[in-house]
Structure formats: structure tokens, C-alpha cells
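Subject: Structure for you to look at

Hello,

Here is the structure you were going to look through. My notes on it follow below.

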Amino acid sequence: MRRLLLTLLVALGLPAAAQDSERPAVLVADDLFITRNRELVAQGNVEAFQGTTRIRASAIRYNDETGALVIEGPIVLNDGDGTVILADAAELDQGLQNGLLRGARMVLNQQVQMAAVQIDRVEGRYSQLYKTAVTSCKTCNDGELPLWQIRARRVVHDTVAQQLYFDDATFHIRSVPVFYLPRLRLPDPTLDRADGFLAPSIRTTSLLGTGLKLPYFITLGESRDLTLTPYLSSSTRTLEFRYRQAFTNGDIEFNGAYTRDDQLPDETRGYLFGEGSFELERGYKLSFTIEAVSDSSYFTEYGYSDDDRLRSDLTLSRARRDSFVRTSLYNFETLRPGELNSTLPTVVIDGEFERRFFPKAWGGELRFGLEAHSHWRSSDVDTDANNDGEVDGRDISRINGSLKYLRRFTHRSGLVTDAQVGTTFNFFDITQDANLPQNHSDIAPFAAVGLSYPMARREAGGASQVLTPVVQLGWTDGSRLDIPNEESTRVEFDQGNILSLSRFPRPDRRERGTTAAVAVNWSRFDPNGWDTYVAVGQVFRSVSDPAFTDTSGLSGVRSDVLLAGQIKNNAGLSLTARTLVDSDFDISKAELRGGWSFGKTTVEGTYVWLEADLDEDRTEAISEVSLDGSYDINKQWSASADVRYDVQNSTAATAGLGLTYNNECVSVDLSVRRRYTSSTSVEPSTDIGFNIGLRGFSASNGTERYERSCGK
């Protein structure tokens with residue numbers, strides 16, 4: 001009688017006795033009364049609560065002696081953890097933790113639904129479903145079957161382990177049974193990580209035939225996991241792997257594969273990629289990258305990477321407002337035909353330090369920089385034995401430092417003056433080169449003054465324009481050391497270095513003498529339309545620099561004219577272009593990048609033109625177009641295509657097509673790629689990939705919703 005009264009008081013919203021430690025089920029209803037058999041009956045908009053569990057029904061009968069609840073449907077039971085049960089009738093205990101539900105449907109995390117003749121709830125942890133149909137597809141009331149479903153004699157849902165266990169399961173596509181599984185275990189949608197198989201994929205290539213990839217995910221604790229993927233075809237036996245681990249101050253990831261195949265039947269093939277980063281004390285960051293492969297054709301045949309030069313490194317760095325320090329160890333490996341790792345600088349040690357000071361007495365900024373570098377070739381030949389223009393075994397170490405003072409003056413007229421003065425000091429140590437002495441050093445003072453006059457105008461419609469002419473006069477003393485050019489063989493002349501005193505990318509080369517740079521920048525910003533940016537610039541020098549190649553645009557006493565621009569609008573169109581034009585209006589370099597998103601279509605493209613230049617190891621001109629695009633056919637279907645075309649030789653390099661289908665319960669991806677290029681170690685090939693995955697049972701589905709709609 002005490003429990004009955006307590007339940008009644010709580011149900012009526014009245015204060016209950018604090019000394020009663022039990023938490024009875026709370027009932028709220030339009031009509032509440034006690035029968036002659038001492039049953040509490042709630043009718044009309046009934047809701048019952050027990051902890052986070054909530055139930056709605058048309059009527060509930062509570063027996064004080066047994067603590068049982070008899071519930072009349074329609075019933076909606078929500079456990080507060082993402083599980084919802086719909087039923088026609090139910091018998092549960094007072095805590096709503098044990099009992100029986102008839103004509104029930106369970107929905108997990110708004111993704112997976114399970115319809116059953118009967119559900120038994122046990123200890124609030126297990127739900128046993130009998131004669132069950134499970135799917136994550138949207139079901140409609142028109143009687144149409146879902147795209148797929150799993151029918152089972154019994155399904156057990158363990159809410160603690162977050163697992164679904166199937167007995168006598170059959171997988172159906174529409175009404176057609178595809179395969180039978182006597183036992184099946186799947187994670188429920190609330191589980192982030194669980195051991196088990198992931199979505200398989202099929203890959204067909206002209207070199208390896210048709211193969212199946214079946215990944216298996218293994219949890220190794222809360223912070224580690226391993227994915228093993230056997231890849232089997234008529235020509236290959238490959239085991240792919242991915243290992244991930246998270247630490248309190250960083251993370252690591254390794255990807256790789258181990259292969260035995262018919263392409264090189266007597267060799268073991270494979271690759272290993274790894275990366276990681278760690279936040280250390282005092283603001284330091286440690287990072288590493290590992291890239292290794294067994295042979296030069298492995299990546300092309302298996303499609304794991306497009307890299308033809310691999311880089312492994314270990315870097316320690318720290319960046320602060322007024323200082324930066326970095327030290328790195330690199331190892332390079334070339335996969336390009338005709339290149340030998342023994343005669344290339346494969347081991348590199350590189351470090352830099354920079355510190356800024358802001359003296360109050362002088363104003364401006366004082367900047368000190370120091371850079372150390374060393375690269376090593378494995379060859380011990382001190383001459384050019386292979387006639388490639390470089391000494392085979394040459395090793396170089398250097399230390400370069402700079403000290404400069406910078407100051408900006410803004411005048412009342414709007415004229416801006418930027419001044420800098422300083423010096424650099426350089427030390428080089430060259431070994432294994434019979435043509436050069438070992439030690440070289442110099443000191444090169446420099447100074448520069450720049451003038452700019454920004455002018456702004458606002459238009460009536462809200463758009464604004466800014467026009468900024470810039471002139472800089474610079475000087476660097478001394479003459480160049482007689483050392484080989486190994487780090488500054490490729491020079492880019494663009495908006496970023498037009499005002500630099502040296503446009504070489506590395507300190508083994510530095511511009512000397514007097515230079516003048518002239519540039520004009522114009523931009524227009526329209527919040528309701530087009531944004532436009534245009535830059536024009538040219539460099540003049542007192543003497544020409546033979547280290548600049550013809551196609552760099554900087555050879556001679558007068559550089560080519562730099563033209564660069566960008567336009568974009570609110571409709572999704574953007575174009576960026578850059579080119580170099582000489583005095584005869586010939587173009588040595590040109591680049592055009594663009595993109596356009598309109599409606600359901602997205603198109604992006606790039607065009608590159610490079611003139612032939614033997615000094616840059618380019619025996620013929622490069623003219624290449626790359627295009628890729630996608631089209632959303634509807635909410636579920638999308639198509640994509642890409643092509644890279646060699647205009648100079650009138651041949652395609654690569655081409656690909658893709659078709660993707662996504663809805664709330666399945667994802668299908670079909671891709672076809674063709675590589676036309678060939679070399680001594682790589683043949684042209686065609687790659688066909690097919691992936692299909694069931695959505696709803698994976699934590700990697702993300703937040704995207706591709707839900708289909710029901711017909712009228």
C-alpha cells in the first residue's frame with residue numbers, strides 16, 4: 001500500500017517521502033484511478049518515466065503487488081540513449097527494464113530499424129527480437145519492400161556492448177534472398193569502434209585482373225586500432241594494413257602493403273607510408289614522415305600513390321610571435337626513369353633560426369636569421385662519370401646568416417616608404433668534387449628603399465577600388481662565389497617575390513648589383529558582384545645574371561613582364577592566371593586555373609604552358625590541360641569525370657569516370673580510370689573499382705543525409 005500511495009503521489013506531482021530510496025515509475029495521464037483489485041490505471045495521453053527511460057501509451061495498468069505494468073498501444077518507448085521502440089502492446093516491470101512487447105519495431109540512433117513479432121527486454125540491457133527484419137532503408141506505408149534487409153529468426157541487441165547478434169540470418173535485396181549466414185554480428189549505430197569486417201570492394205585492372213578487397217578492423221584499446229585488408233586476384237596476393245594510435249600529445253598513422261604477384265614473381269613487393277606529430281614541452285613540435293616502396297612501378301600498378309619522388313623526414317620546430325626555430329632530417333628516393341639515387345642528394349640535414357627585435361629607441365624591426373644545410377650523395381666518385389653535368393659524389397654543407405633592419409614610414413600625403421639595410425654572411429664546405437676547392441665564404445651587405453602610394457575609391461553601388469603603384473630600388477654588394485648551383489635550379493617569378501632582393505629560392509645563389517622593381521596592383525571588390533585583382537611588374541638590374549634560365553623570365557638586364565590576375569563572383573566562378581611576356585611579346589610561362597559551380601554542376605580546370613629549356617632539363621615544351629568535374633543528378637546519384645591531356649603531343653595522360661549512389665541505407669561507388677603514359681618500367685593500364693557499403697552500421701557515415709522520399 002505504501003508503494004502504491006507513493007506512486008500515486010508522484011504521479012499527481014505531490015511531494016514524496018525523502019527517506020524512500022527507491023525510484024518508482026512515474027505516471028502522468030489525463031485520467032488516473034484505482035480499481036477494486038488495487039490496480040492503478042492511467043488512461044489518455046499516458047506517459048511513464050523511469051530514469052532516462054520514457055514511455056507513451058494510450059493506457060497503463062500498474063499492479064502494486066507484482067510491480068508489473070500492462071500497457072496498451074500504440075506505444076512509444078524511448079530509453080534516452082538513442083533507442084526507440086514502437087509496439088502494439090507490452091507487459092513490463094515497474095522499472096521498465098524487463099518484459100515483453102508485441103508487434104514491435106525498434107529504431108536505433110534514427111538509422112537502423114528492426115521490426116519483430118515480439119521483443120523481450122531483459123535487465124534493461126538486452127532486447128531479444130523474434131522473427132525480425134532489419135534495415136537502415138526508409139520504409140513507406142505503401143507496402144514496398146526496402147532496398148535491402150536482413151531477416152533473422154532472432155536478433156539480440158546488447159546496449160552495453162553496442163552489438164547486434166543475428167541467428168539464422170538471410171540477406172535480401174528487395175524480396176530476393178542473396179546469401180545465408182547462420183551467425184552474424186554487427187555493431188549498432190551508436191558504437192564508434194568495433195572489431196569486424198568493413199565494406200568490401202572490387203578492383204579490376206588490366207595488369208592485375210579482377211580482385212576483391214575485404215578489410216577487417218581490429219580495436220587495440222581505446223587509443224589504437226589496426227585495419228587489415230586482404231587483396232586477392234588471379235595475379236596478386238596482397239595484404240594491406242593501416243595502424244593508428246593516439247597519444248595525449250599527438251598521434252601516428254602507418255599505411256602499407258605486402259605483396260607477392262605475377263608482375264615480379266620472384267620478389268617481395270610493398271610500400272610503407274607513415275606520419276605523426278607530437279606537441280612537446282615549451283611549445284616545441286616533433287613530426288615525422290616515412291615514405292618507402294619496393295620498386296618504381298609498384299605505385300602505378302596498385303594505385304596507392306602518384307608520387308615519383310619519395311620523401312621521409314624528421315622535424316623538430318617551434319614557432320612563436322618573435323622567433324622561429326626548425327631542424328629537419330630528410331631522406332629522398334627517386335622513382336623516375338633515368339635518375340640514380342646514388343648520384344642525387346638523398347640525405348639532407350636542414351635547419352633555420354629567426355628572431356625579431358623591436359628596438360624602442362630606433363623604431364622599426366631588427367631581424368636576425370641563421371640557416372644551416374647539408375646534403376650528401378652515396379656515390380664516392382668526385383668527377384662527372386655519367387656525363388649528366390653534375391659531379392657524381394659531390395657533397396655540400398653551408399651556413400648562411402643575415403642581419404637586417406626594417407622600417408616603414410607613412411607620410412601625410414599617403415605615400416608609404418619601406419626601407420631595409422643589412423648584411424648576409426655565407427660559408428660553404430664542398431667535398432668529393434675534384435674541380436673545386438673545399439671552403440668558400442663571403443659577406444654581402446644590402447640595402448633597399450621602396451615607395452608605394454595606395455589610392456582608394458568607393459563607387460556608388462558599394463564597390464571599392466584600390467590602385468597601388470610600387471617602386472623599389474635595391475643593392476647587394478660583392479660577387480658570386482664559384483660554387484655549383486644545386487638548390488636554385490628552378491626559379492619562379494611571381495607576385496610573391498617581385499620586391500625581393502634575391503629571387504633565387506635558396507641561399508646558394510643570390511642576386512648581386514643594383515636592381516629596380518616596378519609594379520602596379522589594382523583590385524576591385526564588389527559585395528554584390530565581381531571581385532577583380534590585377535598585378536603587373538618588371539625587374540631591371542645593372543648587370544645580367546647568367547644563373548637565371550631563359551624561361552625563368554629573369555634573364556638579361558630587364559626581366560619579362562609579369563602579368564597576374566584573378567576574378568571571381570558570387571555565382572561560383574573564379575579564374576586565376578599568371579604569365580611572363582618578353583619584349584617580343586613571346587610567352588615563356590603561362591598558367592590558368594579556374595572553377596565554376598552552378599546549380600548541380602562543378603567544373604575545375606588548369607592549363608600550364610612551359611617553354612622548352614635545356615637549362616631546366618626540359619627538352620620539349622610542356623602544354624597540358626587538366627579538367628575535372630562533377631554533376632549531382634539528384635539527391636542520390638552523382639557523376640564525376642577527370643582528364644589530363646598533353647596538348648603538346650596530342651595525347652591523353654590520364655582519364656577517369658565515376659558514378660556514385662548514396663541514400664540513407666546504401667552507398668555505391670563505381671569508377672573507371674585509364675593511364676595512357678608508359679616508360680621502361682610502367683605500362684599503360686585501366687583500373688575499374690566498385691565499392692558497395694551498407695549505411696547505418698558504421699560510425700564513419702558522417703552527418704550526411706541522403707534520405708529517399710515515399711511516393712504518394
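The link between Cys137 and Cys665 is right-handed, with 80° about the S-S bond. This is a predicted model, so please read every value here as computed. The sulfur atoms of Cys137 and Cys665 lie 2.0 Å apart, and a search of the whole structure finds 1 disulfide. The link connects distant parts of the chain, since its two ends are 528 residues apart. Cys137 is in the loop between strand 9 (126–135) and strand 10 (148–158), while Cys665 is in the loop between strand 39 (651–662) and strand 40 (666–675).

Next, the charged pairs. Side chains of opposite charge can pair when their charged atoms come close. The structure holds 48 salt bridges. One of them joins Arg336 and Asp308, with 3.1 Å between the closest N and O atoms. Arg336 belongs to the loop between strand 23 (323–334) and strand 24 (347–357), and Asp308 to the loop between helix 2 (298–302) and strand 22 (309–319), so this pair ties together parts that are 28 residues apart in sequence. Arg336 is partly exposed at 33% relative accessibility, and Asp308 is partly exposed at 34%.

Another salt bridge is formed by Asp526 and Arg524, where the closest N and O atoms are 3.8 Å apart. Asp526 has a relative accessible area of 16% and is buried, because the cut-off for that class is under 20%. Arg593 and Glu591 also meet through their side chains, at 2.7 Å from N to O. Arg593 is partly exposed at 44%, and Glu591 is partly exposed at 22%. Elsewhere, salt bridges with shared partners join Arg326, Asp350, Glu352, Glu371, Arg398, Glu487 and Arg506 into one network.

Glu487 is found in the loop between strand 30 (464–476) and strand 31 (513–525). Is this residue, Glu487, buried or exposed? Glu487 counts as buried, at 17% relative accessibility.

On to the rings. A pair of aromatic rings is described by the distance of the centres and the angle of the planes. The structure holds 21 aromatic pairs. In one of them, the ring centres of Phe171 and Phe179 are 5.3 Å apart and the planes meet at 10°, so the pair is stacked. Phe171 is buried, with 13% relative accessible area, whereas Phe179 is partly exposed, with 42%. The pair of Tyr302 and Tyr304 is stacked too, because the planes are at 5° and the centres 6.0 Å apart. Tyr302 is buried, at 2%.

Tyr302 and Tyr304 also belong to an aromatic cluster, together with Tyr231, Tyr271, Phe273, Tyr298 and Phe299.

Last, a residue in a strand. Ala564 lies in strand 33 (residues 561–568) and is buried at 7% relative accessibility. Not counting residues up to four places away in sequence, Ala564 touches Gln495, Tyr533, Val534, Ala535, Ala577 and Arg578. Val347 is 217 residues from Ala564 in sequence, and the two are 37 Å apart in space, C-alpha to C-alpha.

Regards

How values were computed:
Residues are numbered from 1 along each chain as its sequence is written. This is a predicted model: local features need pLDDT of at least 70, side-chain atom pairs count only at pLDDT 80 or more; totals for chains, interfaces and linings use all residues. Side-chain values use heavy atoms; hydrogens and water are left out. Rings of Phe, Tyr and Trp (its six-membered ring) pair if their centres lie within 6.5 Å; planes under 30 degrees apart count as stacked, over 60 as edge-to-face and the rest as tilted. Buried means under 20% relative accessible area, exposed over 50%, partly exposed in between (1.4 Å probe, protein chains only). Helices (H or I, at least four residues) and strands (E, at least two) are DSSP runs, numbered from the N terminus. A disulfide is a pair of cysteine sulfur atoms within 2.5 Å. A salt bridge is a side-chain nitrogen of Lys or Arg within 4 Å of a carboxyl oxygen of Asp or Glu. Contact means heavy atoms within 4.5 Å.
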